[in-house]
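This report describes how the parts of the structure shown below meet one another.

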Amino acid sequence: MADPKISIRNLYKIFGDDPQAALTHAKAGMHKDELLEAHRHVLGLRDINVDMQAGEITVVMGLSGSGKSTLIRHLNRLIEPTDGEVVIAGENIMDYSDAQLRALRRKQMSMVFQKFALLPHRTVLENAATPMIVDGEKRSAWEAEATKWLDRVGLQGQGPQYPHQLSGGMQQRVGIARALTSNSDIMLMDEAFSALDPLIRTDMQDLLLELQRELQKTVVFITHDLDEALKLADHLVILKDGEVVQQGEPQHILMHPNDPYIVDFISDINRARVLRARTVMRETTEDPGGLAGAVDENATLEDVIAKADGDTNLSFRVLRDDTMAGILSMTDVVKALVPTDAAEDGMRKAS
Amino acid sequence: MATYDWIFDGLGLRQWCDGDGSGGSAPMSMADLMNQTGNAPERTIWDTPFPSMDALNDACASFPQSRELTRGLERGFLDIKDALSYVLDPLTQPLSWALQNALWLFQETPWWIMIPVLALVVLAISKSWKLVAFVAGSFAALAFIDYYDYAMQTLAIIFVCAVICVALGVPIGIAMSRSDRFQGGMIPVLDMLQTLPPFVYLIPLIFLFSVTEPKLYGIAIILYAIVPVIRLTNLGIRLVDKEVIEAADAFGMTKRQKLYGVQIPLALPNIMAGVNQTIMMSLAMVVIASLVSAPGLGVLVLRGIRNLELGVGLISGLGIVLLAVILDRSTKAALARVNAAQKH
């Protein structure tokens, strides 16, 4: 695999009066609860190692207090780490001066916020153009660029409005347009859709996927919503109490959770809608005969069940780019719908 | 025989007490005199005085009386007075100059220019014709009863003082919002400025400057009225939405861009509320400042009190109320426009 665009190495963040002293304890193996009890320091992040590939959507998922918002703020150093490195395109940004850091934030990164964080006294157009205005561009330049991106996110003709005149979903579209106007490679999205109602959230997710197909940015997306994470993620990182519990391809995590926390997490989701044919199929290129038809490798199990009309005796050929990649039997499909226990023994059964 | 003789006897200080002048240095109080003439009444436990400076002085003549404290302060102030006015005089001279010129400008401009100009200003900041009609009507009424000149003097003083308050107060407020330590140091000072009775400001100022100089009342008004604009600027900037500040940082704004592009505009409603309060407080102080030769409606109020001219006092008081209403409504209208432009 190519060098990762963003690489987080051995990152620690401890909040408290004397983080350096607490750091030694954390490095010696203390976890969040013990550190709080014994030393009155809050462990924000503990030994985080994540590689984020260019052009992929990396989703960091966790519940409140798991440190996910802290983590994303380390990527542009809105929060300073206690220890560790963040390497972006081969450079450790911990070594950056203030001026270099500003350049990084202006040129290479943009951010979308949970509560939109638009400037209420500026128009939608000016808000969308913020990165270019900050960079000292002329009005003629930013006006065209901001208008282009506003149009792209579906806000044609809303430029002269003020943010408070728009609905929540539209305000977040402005937030996305603002991030796109900077023309940066990396887009940080901090619970960007969490404040929106479900239908609009789905719209926005689709918009993001569509933009991503077109623009191929490196997106870091923070969420507490597993469905959203599974829908968007190329690479899924699950955080708990400031530590990475598991990371990898979402389908893989679904089939092979390695922690009871994750088992709990994934027990409530609709597996038929999330799991895909390629995850459940048996890989082979030989045709044993008697197959009932063909499905695409990215078809969800729901699609397959619908196609089989509920008949569990059937098997399908799975196609990858129109050539056969494997065989999917309906028995496997049904089995895959039962939540998996954690890989190790002694784990709590998901209820 | 005084109540606290035993303290000095016990400490072996009797000699020091009787040493110099044996009570001759401390002036005699009325009570002492009474005690000397009449027979000293029998003291019971109920009469035990608090061991104050005066009570201890009774027992030991070398111990200073309490009046020495105030006198010492006075002497200390008089000692540094010359040096202080040597520094403060040139520093505050522009204030005198500004007040004199504003007074001249406001009084020399004929009424048929002044009233329309004021109406236009009100129109520009409030965009309300109703308010403009009210303001023009009020000034016409004041002019009709021949109080126009006094009202203009008051207005000129408030204009100068309010401008200076904003020019000094907003930067101080910004500095406070940026440094917790500076804020911690300033808050007691602001508390004191706000609670010190207004008359008290005047006492040291009278010693420092000549009563004929306008800056004397100018400084008193500014010290009294600057507090709200400082406080509300500080508060306003601290209250700016954390996420918006974070967004400003995330898009690489410099400190200056953040201050002028985000913090001040978003704090503007609070700053404007501070300006409104500052103007109201300068109006209150301008009346008191008439004691030290500030011209304007306050002089008439003072005349009313001194000469028991009930009518003059009441009418000029009402005139001040009218000015207050005009200034308050105009700044509030401006504030409302700012608020409307940036509700969330």
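In this predicted model, the C-alpha centres of domain 1 and domain 2 of chain A lie 34 Å apart. Domain 1 of chain A covers residues 54–74 + 97–266, and domain 2 of chain A covers 272–336.

**The domain interface within chain A**

Five residues of domain 1 of chain A and six residues of domain 2 of chain A take part in the contact. Between them the two domains bury about 520 Å², of which 64% is on carbon and sulfur atoms. On the domain 1 side of chain A, the greatest losses of area to domain 2 fall on A:Q251, A:L254 and A:M255, which together account for 77% of what that side buries. Helix α11 (residues 250–255) of chain A gives the most to this side, with three residues. By residue class, the domain 1 side divides into three nonpolar, one polar and one charged.

One salt bridge is counted between domain 1 and domain 2 of chain A. A salt bridge joins the side chains of A:E249 and A:R278, at 3.5 Å from N to O.

**The interface between chain A and chain B**

Chain A contributes 26 residues to the contact between the chains, and chain B contributes 20 residues. In chain A, the residues that lose the most area to chain B are A:P120, A:H121 and A:H164, together 28% of what that side buries. The area buried between chain A and chain B is about 1,900 Å², with 65% of it on carbon and sulfur atoms.

One salt bridge is found across the interface of chain A and chain B. In a salt bridge, the side chain of B:E246 meets that of A:R73 at 2.5 Å, N to O. On the side of chain A that touches chain B, the elements giving two or more residues are α4 (98–108), β6 (109–112), α6 (130–134) and α8 (168–181). The largest share of this side, four residues, comes from α6(A). The residues of the chain A side divide into 13 nonpolar, six polar and seven charged.

| Side chains | N to O distance |
|---|---|
| A:E249 and A:R278 | 3.5 Å |
| B:E246 and A:R73 | 2.5 Å |

Key
Residues numbered from 1 in each chain as written. Chains lettered and ligands numbered in written order. Predicted model: local features only at pLDDT ≥ 70, side-chain atom pairs only at ≥ 80, totals over all residues. Heavy atoms only, no water. Contact = heavy atoms within 4.5 Å. Buried area = accessible area lost by both parts, 1.4 Å probe. Salt bridge = Lys/Arg side-chain N within 4 Å of Asp/Glu carboxyl O. Nonpolar A, V, L, I, M, F, W, Y, C, P; charged D, E, K, R; others polar. Domains from an automatic or database assignment.
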